[in-house]
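Dear colleague,

Please read them alongside the coordinates.

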Amino acid sequence: MNAINQSHELPRSAAVATTHPTHTFKMLMRREFWEHKGGFLWAPLVAGGILLVLTLMGIGAGEVLLRKVPDRATINVEGGSFQVNGLDLSQLTAKMSPSELHEFGGVIDASLYMAASWPFIVLAFVVFFYCLGSLYDDRRDRSVLFWKSLPISDRDTVLSKVASATLMAPAIAALAAIATVFGSMVVYSFAVLLHGGNPVTMLWGPASPLKVSLHLIASIPVYALWALPTVGWLMLCSAWAKSKPFLWAIMIPVFAGIFVSWFDLMHLFELETGWFWKNVVARSLLSVAPGSWFNAAQTADVNFDGPQAVHSLLSLRTMYSVLATPQLWVGALAGAVMIFGAIRLRRWRDEG
């Protein structure tokens, strides 16, 4: 009877003991999210909320100023004029041709991209300081000893932090930016309604909030690859530095740039000194800034004439042209090497 019970218990214990690698990785990703929820989630949401509040305040201030304008003050537009007080915004679109409405939509879309930039600006700071403390903080508070006692490899731990910085954080920031985009459209619609305009024909028709949202989501893979040099360098410093990883991460590339500039070493390779600052120093420290890959994008065919140029500049073709450049792949390879170094350092770096 005992033998039968043991035979039934063995498969159960074996099932409990074996955990699929993807389950472990998901658990590590959840850990990173909950430990850094303030930076990953709330920071971009608060940034977008601040933008919306400032927009409402600007509209309110504009309404107050409009009330102080004399009753007979007029604004001249092509084809006619209208009074400022009692402004009927429907007159703006009523006298516009289809091409002018198209250009007007480009102006609205440009404002939506500016609104969406607020969560992404915060993302740059969040990812920078997250990577800088990702491995150092575990050693500082000795929690690394606990995590090393678990059946979790250093490779999985470090790669989960890389995925959190390059995929999870920008994905959440993109969602916050999309919420900011549609929140801005709602605020604009409210302002249009105050002056008798139709938001559907004046805003939602000419503008392309869905297209803007698609571009924000589509930029995540490019960001993930482009950010690898900075992510790898910061995590390498985080795994190596005994104290003050911020100073080490900043001083080493900056002083290397000063040394190269001082002795004019790049002329040995028939390159300008600026090449080292742009492709080594800047890529090591600033690649986590969204949109920093624009300099590598193919923009020769972009038409910069008119407000609709924002769509050409941020089109999928322009965005994904970065994937065909050596700057991205050489930087990604350098970042992968530094991430491998961070894994090796975490394996033996124990100050406890």
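The axes of helix α3 (residues 37-67) and α5 come within 8 Å of each other and cross at roughly 150°, where axes are lines fitted to C-alpha atoms, for helices over the stretch in contact, and angles run from 0 to 180 degrees between N-to-C directions. The two helices, α3 and α5, are therefore roughly antiparallel (angles under 35 degrees count as roughly parallel, over 145 as roughly antiparallel, 65 to 115 as roughly perpendicular and the rest as oblique). Helices here are DSSP runs (H or I, at least four residues), numbered from the N terminus.

This is a predicted model, in which local features need pLDDT of at least 70 and side-chain atom pairs count only at pLDDT 80 or more, whereas totals for chains, interfaces and linings use all residues. Residues are numbered from 1 along each chain as its sequence is written, and side-chain values use heavy atoms, with hydrogens and water left out.

On the α3 side, the contact with α5 includes Gly-39, Phe-40 and Leu-54, while α5 contributes, among others, Trp-118, Pro-119 and Tyr-130 (contact means heavy atoms within 4.5 Å). By class, this contact of α3 with α5 has 13 nonpolar, 2 polar and no charged residues (Ala, Val, Leu, Ile, Met, Phe, Trp, Tyr, Cys and Pro count as nonpolar, Asp, Glu, Lys and Arg as charged, and the others, Gly among them, as polar).

Helix α5 also bends by about 30° at Trp-118, with a proline, Pro-119, following within four residues; the bend is the angle between axes fitted to the seven residues ending there and the seven starting there.

The axes of α5 (residues 98-133) and helix α12 (residues 245-263) come within 9 Å and cross at roughly 110°, which makes α5 roughly perpendicular to α12. Phe-128, Phe-129 and Leu-132 of α5 make this contact with Pro-245, Phe-246, Ala-249 and Ile-250 of α12, and its residues divide into 7 nonpolar, no polar and no charged.

Finally, the axes of α12 and helix α13 (residues 273-286) come within 10 Å and cross at roughly 175°, so α12 is roughly antiparallel to α13. Ala-249 and Ile-250 are among the α12 residues that meet α13, and the contact of α12 with α13 divides into 11 nonpolar, 3 polar and no charged residues.

Best wishes
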